[in-house]
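User: I am new to this structure and would like to understand its aromatic rings. Could you take me through them step by step?

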Amino acid sequence: MLSRVANSIYWMSRYLERAENVARFIDVNLNLTLDLGEGIRQQWEPLVSISGDLATFHQWYRGATREHVLRFLAFDLENPNSIAACLRAARENARTIREILPTELWEELNKIYLTVRGTDPDAVVDQPHDLLMRVKNGSHLIVGLAEASMSHGEGWHFAQVGRLLERADKTSRILDVKYFILLPSAAEVGTPIDLIQWSALLKSASAFQMYHRSRGRITPAQIADFLILDRTFPRSMHFCLINAERSLSEITGSPKGQGTTLAEQQLSRLGSQFDFTYVDDIIEEGLHEFIDRFQTRLNLVDDGMFDTFFAVRPLVHVGEATQERPQ
Amino acid sequence: MIEELQRRIVSSRRMQFDSYQTEAFYDEMFDPGGHPRPRARALTEKLETLSEGELQRRQKAADLTLLNMGITFSVYGHAAGTEKVWPFDLIPRIVDAAEWRSIERGLTQRIRALNLFIDDIYHDSKILRDGVVPEELIRHAQCFLPPCAGLNPPGGVWSHITGTDLVRDGDGQLYVLEDNLRCPSGVSYVLENREVMKRTFPQVFGGLSILPVEDYPERLLETLQHVAPPTRGTPTVVVLTPGIYNSAYFEHSFLAQRMGVELVEGSDLVVHDGYVCMRTTQGLERVDVIYRRIDDTFLDPQTFRPDSALGVPGLMQVYRAGRVALANAPGTGVADDKAVYAYVPQIVKYYLGEEILLPNVPTFVCWDPKQASHVIANIDKLVVKPTNESGGYGIMIGPKATADERSQCVEAIKANPRNYVAQPMLALSRVPTIVDDHLEGRHVDLRPYILYGKEIYVLPGGLTRVALRKGSLVVNSSQGGGSKDTWVLAET
């Protein structure tokens, strides 16, 4: 597979996953604010913190009102992490590799993009639920189409790696932000908790039902354990790492844990750390610190992907490039 | 009951065609008396049974389908990456079996002769020495490429993919307007237009036998593999595109997808150890055939334009050594020159000893002083074209131009006569086209696609381009043109 094509499919998949996650975060938060009633301030600001764009947001908007945050996270094309911008980037990447994508997949991605682009923010700012559902369902449909109609070869595995790394990142971010708000220090473990808010955190990771089936009642430590270390829940960080590593090993042909490329080694190091960690240790060390370190390592994996598979190292120098490569 | 049904049919007939006028033009659907031509009878009957507004609803559904399918072209001069959906009109153009047979024969003859001509030009130039085509015309053709002299593409075929433009004049005669032997585009729209028709308007196909077009990519791949240099196993074919901002990018990716081959940009390819290779996640992989959709002079900065960043340095050397095949071969543009075009009837006669089957539009070559003075004297009646442009650029339409534009054109001809040809103005035939809530005639042309590998294959139908503006004769997508499905009826 062409390096350029691998790069594009990886980013197509990452951006689509990002759009889906942002849509879910907003949707869950909307639902939550309805439960909590009026008057509770600062409900919306943490949502911006999750994507790491708080500074930019405050530069552009006066006050973290529901409307401002919604515009910023869903529609603002200047914000590279907004749903609209992510879908545009996913589609632009897909457009450069249409020849390898199943036609239905391209069409579905094109349709969600056109839907969001064609939506007037003023018209949905009060009722964004349907649009957010459309984005989430569209993303699921695309993943399903890829699963069922694309050969599970190199291209598919690159899409898997992109999606799983993005998902691990997003789960870690929402856990980080919400945990900090709900439980500022380890000393407070065991004090009465706000069930509604903790449930909302689980829903943000689509984990509410599966958590209950596997862990029973809500406790902060169990939630952290489930979202970080569970090996079978598809949005837990550990699950994402295990399966990204599996796909990477399919790409290179090296058995798991024995890869020689930078990408494999970075991912393998990160994954093995999860294999031998207990949630109590994490909480004791500080959840925030743990996640911070995780994100740094995850960035190294991404760098490794670039170095190993995507970087176009010219053998002959070819004058000027004429085009910007969309990512 | 039946009476009521008939009444309804009669009233809906009024909806579709009652106000339709063929005016003084050749109409592809109706004869001058307003009766459907035999080839169009079945379709007009179906259209007449549609309920009020149904046609318009189908047209809207088709537009939406095209948008969702992302069938777009990029517009130059707009922000990078601006895509537009190419307007598609639901009423097809219909060609009957007998006429198609003669088109097919005419195109086959033409392509065979033109390939012999190009091969001759880059070798012994017998045709020039015999004085059939003036040598000076060739030497001054902008698309004549001296570095191609002596090249031997497999089988002596230079133009593997051709998209000949045909037009029908008021008297019903079909003419060849341009040969397009370089990188003709548009075939993807032929396939997608049919797809959209089938999705949105399936009932009109019922009871008709229309030749399918879907197998084009398979045949293209066969053609490309046929020209591959000797390799072990199946040759590796790629499509080379200038990139996502090229106006025909959609088509490049479409063809790569349908053939199941890689779509590459220049920077994905590299010359290594005397072969062309592509950079993959598993290292370098050899490429045997390049279906290139970039112009000749951008192919290799070491041979042609040194500022080209779209091509592959060293490519021509590998090509010359016979280690990679290019389709089309570089240098074919020499026969696309409009002054050379004027000599195609003589070219056919010279190489094949046959009279030309599909005639040229009568063409005055200004390079010849006698013809130039005729053109200047009749400037208000003629269409003047630059010899090296395509896509409808630089054309002066005498009867529609202002006095100023005409005298500017005369000056340009005097300053550089080699650069111009002139043709009479044709009354292009028309096809009914949806305009708001009714149908009006709009002018069309037809571009069939011809593949030449082991043998010559003509895709049944081709791209019907339609000038959507009332009275306009310009069908180019960049200038307000759209397209229609083209139906070639099967032999009965």
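Analyst: A residue is called buried when its relative accessible area is under 20%. The model discussed here is a predicted one.

User: Is A:Tyr211 buried or exposed?
Analyst: The limit for a buried residue is a relative accessible area under 20%. The relative accessibility of A:Tyr211 is 0%, and therefore A:Tyr211 counts as buried.

User: How many aromatic pairs are there over all chains?
Analyst: Rings of Phe, Tyr and Trp pair if their centres lie within 6.5 Å. By this rule, the count over all chains comes to 25 aromatic pairs.

User: What kind of pair do A:Tyr211 and A:Phe226 form?
Analyst: Planes over 60 degrees apart count as edge-to-face. The ring centres of A:Tyr211 and A:Phe226 are 5.6 Å apart and their planes stand at 80°, so this pair is edge-to-face.

User: How many residues apart in sequence are the parts that this pair ties together?
Analyst: A:Tyr211 belongs to helix H11 (residues 208–215) of chain A, whereas A:Phe226 belongs to helix H12 (residues 220–229) of chain A. The pair therefore ties together parts whose separation in sequence is 15 residues.

User: Which parts of chain B hold B:Trp86 and B:Tyr189?
Analyst: These two residues form an edge-to-face aromatic pair, with 4.7 Å centre to centre and 75° between the planes. B:Trp86 lies in the loop between strand S2 (83–85) and strand S3 (88–95) of chain B, while B:Tyr189 lies in helix H7 (residues 187–200) of chain B.

Terms used: Residues numbered from 1 in each chain as written. Chains lettered and ligands numbered in written order. Predicted model: local features only at pLDDT ≥ 70, side-chain atom pairs only at ≥ 80, totals over all residues. Heavy atoms only, no water. Phe/Tyr/Trp six-rings, centres within 6.5 Å; stacked < 30°, edge-to-face > 60°. Helix = DSSP H or I, 4+ residues; strand = E, 2+ residues; numbered from the N terminus. Buried < 20%, exposed > 50% of the residue type's maximum accessible area, 1.4 Å probe, protein only.
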